[in-house]
Amino acid sequence: MAKIHITLVGGQPAPVYNGIVATNPDKVVYIYSQGSSRAVETLRKEIDLPEDEQKPLDTTNPQIIMERVNTLKAKYANDEITLNISSGLKSWSHLFGREFEKMPNAAVVYMDQNNVLWNYKTMQGCSDFNFDMFTLFRLYGNPIDDHYTNFYDYTEADKECCQKIEQIRKGGFHTEFTNMLSLLNKTDQNVLKNQPFGTFESKRGTTSFVSWEKPTEGEDGFVCIYLQGKKRNEEIVLKSPHAIDLAFNSGWFEYKVARLLSHWKKAKNIYMNCRFPFKSNVDKNEVDIIVNAGNKLLFVECKTQINKTTDIDKFNSVVRAYGGTASKALFVTDAIMTDVAKKKCEEYGIMTFSLQESHFLETKKALRSEEHTSELQSRSAIS
């Protein structure tokens, strides 16, 4: 008796792929229309299993749909069948589900948005299959390849640099620090991206400057920050593998958030500076942090403060385009988030967390997962 997996295919390829992985069949049968044929081609590139090739199925005619149903029922009457109704059309899911539910050798299954596979024959759910983040991105046509930094590549030296950066930023030099290291203009951003070393001087009439030199083989990155204040001056030297990433563009804050997330028990892997490439040297979009939580992804946007609520709109679009409907989103700020920004995040279903709101800081409880649903709740804390 072979294990046959019949799966309806629509616009969301992820629940189709995850359903195949979770059931581990001997053969796959794709039920698709002309409009979802491209999704099937994408799935075929990821699924290395024998396939019962089918022609595109009519989307509405019940007689034609039933002909396909009866053909497959007869063909696999002596096999073990799972029917995945997570994707595809309602006209298909109704007729396929109704008929296969009657078969003693078949089980109708559904992959929900939390990547829990529900078996409607046993009324049980499971989520212990191998979730592959990189496959998910390929399924949606957005391969990330190696365009990211693994959080666990950061060293103790990087951690010390982050602490130094926080100290000098808070030491009465916030404005100067922000102007020279956080809010770089396009010219300076281009220099930082393409030059091996350089110096940025203050544009506010002070002697403040920042010099940097990118890491080379066998040599860590180097950053020297000199800030002139009204009453005193201060200088720090940073030397670590990711010193430049930490010093510029609020990289220190992203690393601080990633460290908090690393204490969350569901975090399997944490990826930083995730870039989805468009063409050579041009990025489609960048995500500050992506957490692989075992059976879903958590996208994290980090900003010291929100200056434009359109940043929230953009982040929401990125999550939906690259992560699909099952992915979760978290917006983290250093400063207290305005009520307007919180409201907009709430409307999108984006969780919020501010490091400056003391009631969120108790024992790092800002992100809690309810075990029975695997659902990240918006008022939970990092644990």
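Two strands are taken to pair if DSSP finds at least two bridges between them. The model discussed here is predicted.

With that criterion in place, consider strand β10, residues 221–228, which pairs with strand β9, residues 209–213, in the antiparallel sense over five bridges. Within this pairing, Glu213 stands opposite Phe222 of β10. Strand β10 also runs antiparallel to strand β11, residues 233–240, and eight bridges join these two. Gln228 has Asn233 in β11 as its bridge partner. Four residues lie between β10 and β11, and the two strands form a hairpin.

The aromatic side chains come next. Across the whole structure, a search finds 16 aromatic pairs. One of them joins Phe137 and Phe276: the ring centres are 5.1 Å apart and the planes meet at 85 degrees, so the pair is edge-to-face. Because Phe137 belongs to helix α5 (residues 133–139) and Phe276 to strand β12 (residues 269–279), this contact ties together parts that are 139 residues apart in sequence. Both Phe137 and Phe276 are buried.

The rings of Phe315 and Phe331 also form an edge-to-face pair, because their planes lie at 90 degrees, with the centres 5.8 Å apart. Here helix α11 (residues 310–323) contributes Phe315 and strand β15 (residues 328–333) contributes Phe331, so the pair ties together parts that are 16 residues apart in sequence. Phe315 counts as buried because its relative accessibility is 4%, and Phe331 counts as buried because its relative accessibility is 0%.

Finally, ring pairs link Phe137 and Phe276 with Phe299 and Tyr322 into a cluster.

Methods. Residues are numbered from 1 along each chain as its sequence is written. This is a predicted model: local features need pLDDT of at least 70, side-chain atom pairs count only at pLDDT 80 or more; totals for chains, interfaces and linings use all residues. Side-chain values use heavy atoms; hydrogens and water are left out. Rings of Phe, Tyr and Trp (its six-membered ring) pair if their centres lie within 6.5 Å; planes under 30 degrees apart count as stacked, over 60 as edge-to-face and the rest as tilted. Buried means under 20% relative accessible area, exposed over 50%, partly exposed in between (1.4 Å probe, protein chains only).
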